[in-house]
Each structure stands twice: as structure tokens, then as C-alpha cells.
Amino acid sequence: MKIIILTHENNRHFYFCNKIIENNKSVIGVIIGGKYNKKDSSFIRKIYKLIKKKKILTYLKNKFLNFYFKKYGEAFNQEKNKAEQKYFKSSKRKFFKNYKHLLITRVKSKHQSINDPYYVSLIKKNKPNIIIVMGTCLIGKEIINSAQFVINLHTGLSPYYRGGMTNMWPIVKGCPNMFGVTVHEMSLKIDAGKIIYTNQPIINKYDNYGTINCKCIKLGTTMVNKTIKNIKKNSFKSSKQWTKGSLFYNSDWNNYVAYKYFSKKKEIILRSVKNIHSQSLPKINLVDNGKKIDVSNI
């Protein structure tokens, strides 16, 4: 059983790599820099594409809001970076000290993205049985077809919250029971593949988006290791997503959202601590090795 990991290159991604490698001697390689997605550098062509896709007004609105609410965006990033430093400090150094020999390559600017034929050929050459993904751009069909199992760690609670920064949006949207993490089979749609595991972190009144997301990464990494173990034992199961939920794109984020986050953070975190499964909140189900669980009965 051969495993390849596709991920990015921040401390949180190297924490993930380290824990997967520590628990699985069958990891044969790692590709980092997977979030990079080369875009056209021409400003005029970028504006043309935005006009063609009818997204120019969103682009201009976000530019204005990012300028006007700049201090909130900066504070948000500082809070997130502080949390990741606390939870994952030195993970990158540990990887290069102990596991550098497993590094296949880093995604480089001369290739379009991790989906470029160059990286696809490297993956196929190694003939993995399992590909584990965390924190990359959207994985394409060629990579998905390169292994029997392609498993993704999503720091959000699918199927309810899919896409980017999905442990931040429950604060902005006022849904204190929607924090969580998902391990699912990779599909061509964003965080929409069959679910293997979902879980929710224990939250305290001092938490924020950054610390909640870090807790979810640690929790999700444990679930990925359980998934690999289940595959090896032939006890792997998954469940088709039962609702569409909400999907968040990069264009949904701007510094005004950061302002709303700070204005609601304390209230939503406290509500989550007091009663995460309140009857007044939307009903949710978690998944344990493909089995749906009604958490309102727990």
C-alpha cells in the first residue's frame, strides 16, 4: 500500500505531513506548494475575464471594502497567524529534518498548478494506492484517477459548509453549531465527495477562528490516519452528501467580512460553548466511517 501526500507549505501543512508519515510507513512521497495556481499576469486580460464572467462589480466592490476596512483584515490575519504559530510551531523544520527524503518536488511557477501534466506524471510514476490531500487548489480528474483512494481533509463541516475559510463563516452567519472538519473522498466539485468522517472540536470562550481551525486540523489529521487504517483493513466506508449546504468562494471574502467577524465573534463563540446542539439551531449530522449520526440524540 503506497501513499502520496499533496499539500501546501505552511507549518499547518507540514504538521499534517509529519503526523501522516509518523503513523504510516507506507508514505512514499510528498508534493508541496499545492495551493499555487498560476494566473495570467496581464492586468488587462484579468479585467477582460472578470467582465466576461460578470464578476467585475464584485471585484471592484472587494477592492473598495478591502481598502476601507483594511485594519480589520490585518487584525484577522494576525489572529490566525498567532494561532497557527501556537499549534504548529516548528513543523516545517521538523519535516525537513526528518522526512526531506520523501519530498518528491515543490510546485514551481513554470508549471500551471499541481494539476499540470508534469506533476500528474510524477504521481502516476510512483503508482500510489492512496493519495492524501490537504490545502491544495482544486484537484483535477487526472490526479483523482491516479489512485484507488483520493482522500481530502476539509477544514469545515460538509455538507453544510464547503469551500474556503469554513470555520470562519459560522461566526459571520451566526451558526455556532457549524464548526467542524471533514474527511471525504475527492470529487471534481469543491468539498462535495462522499464523506468518510466528520467531527467537531471542543470549543472554549477564549477561542477564535484561528484556534478553532487549528483544532480542526489536528482532529482531521487523526481522522485521516483512521481512514488509512480502515482502507488497509478493508473496512473503509463513505456516505454520499445528503444536502448541498453553503459553498464559499475566495471572492466572498473581503475586509468587511473581517469587520463582521470581529463584531460577532464573542457572541457566537459563547453560544457555541454553552450549547452547541441547541434545539433553536439547524439540525446537523456527523459521519463516522460512512455512517450518519444524529448528534441531537447524543
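In helix H10, which covers residues 255-274, the residues Asn255, Val257, Ala258, Tyr261, Lys265, Ile268, Ile269 and Ser272 are buried, where buried means under 20% relative accessible area, exposed means over 50%, and partly exposed lies in between, with a 1.4 Å probe and protein chains only. Helices here are DSSP runs of H or I with at least four residues, strands are runs of E with at least two, and both are numbered from the N terminus. Please keep in mind that this is a predicted model, in which local features need pLDDT of at least 70 and side-chain atom pairs count only at pLDDT 80 or more, while totals for chains, interfaces and linings use all residues. Residues are numbered from 1 along each chain as its sequence is written, and side-chain values use heavy atoms, with hydrogens and water left out.

Staying with H10, its 20 residues reach 29 Å from the first C-alpha to the last, close to the 28 Å expected at 1.5 Å a residue, the expected span being 1.5 Å times one less than the number of residues. H10 also has a kink of about 50°, centred on Lys264, the bend being the angle between axes fitted to the seven residues ending at a residue and the seven starting there.

What does the side chain of Lys265 meet in a salt bridge? The partner is Glu79, at 2.7 Å from N to O, and a salt bridge here is a side-chain nitrogen of Lys or Arg within 4 Å of a carboxyl oxygen of Asp or Glu. Because Glu79 lies in helix H4 and Lys265 in H10, the pair ties together parts that are 186 residues apart in sequence. Glu79 and Lys265 are both buried.

Arg12 and Glu84 form another salt bridge, at 2.9 Å from N to O, and this pair links helix H1 to helix H4 across 72 residues. Arg12 and Glu84 are each buried.

Let us turn to strand E5. Six of the six residues of E5, residues 149-154, are buried, so the strand is largely enclosed by the rest of the structure. Phe149, Ile151 and Leu153 point one way, whereas Val150, Asn152 and His154 point the other way; in a regular strand the side chains alternate between the two faces of the sheet. E5 pairs with strand E4 in the parallel sense over five bridges, and with strand E7 in the antiparallel sense over four bridges, where pairing requires that DSSP finds at least two bridges between the strands. In these pairings Ile131 stands opposite Val150, and Leu153 stands opposite Val183.
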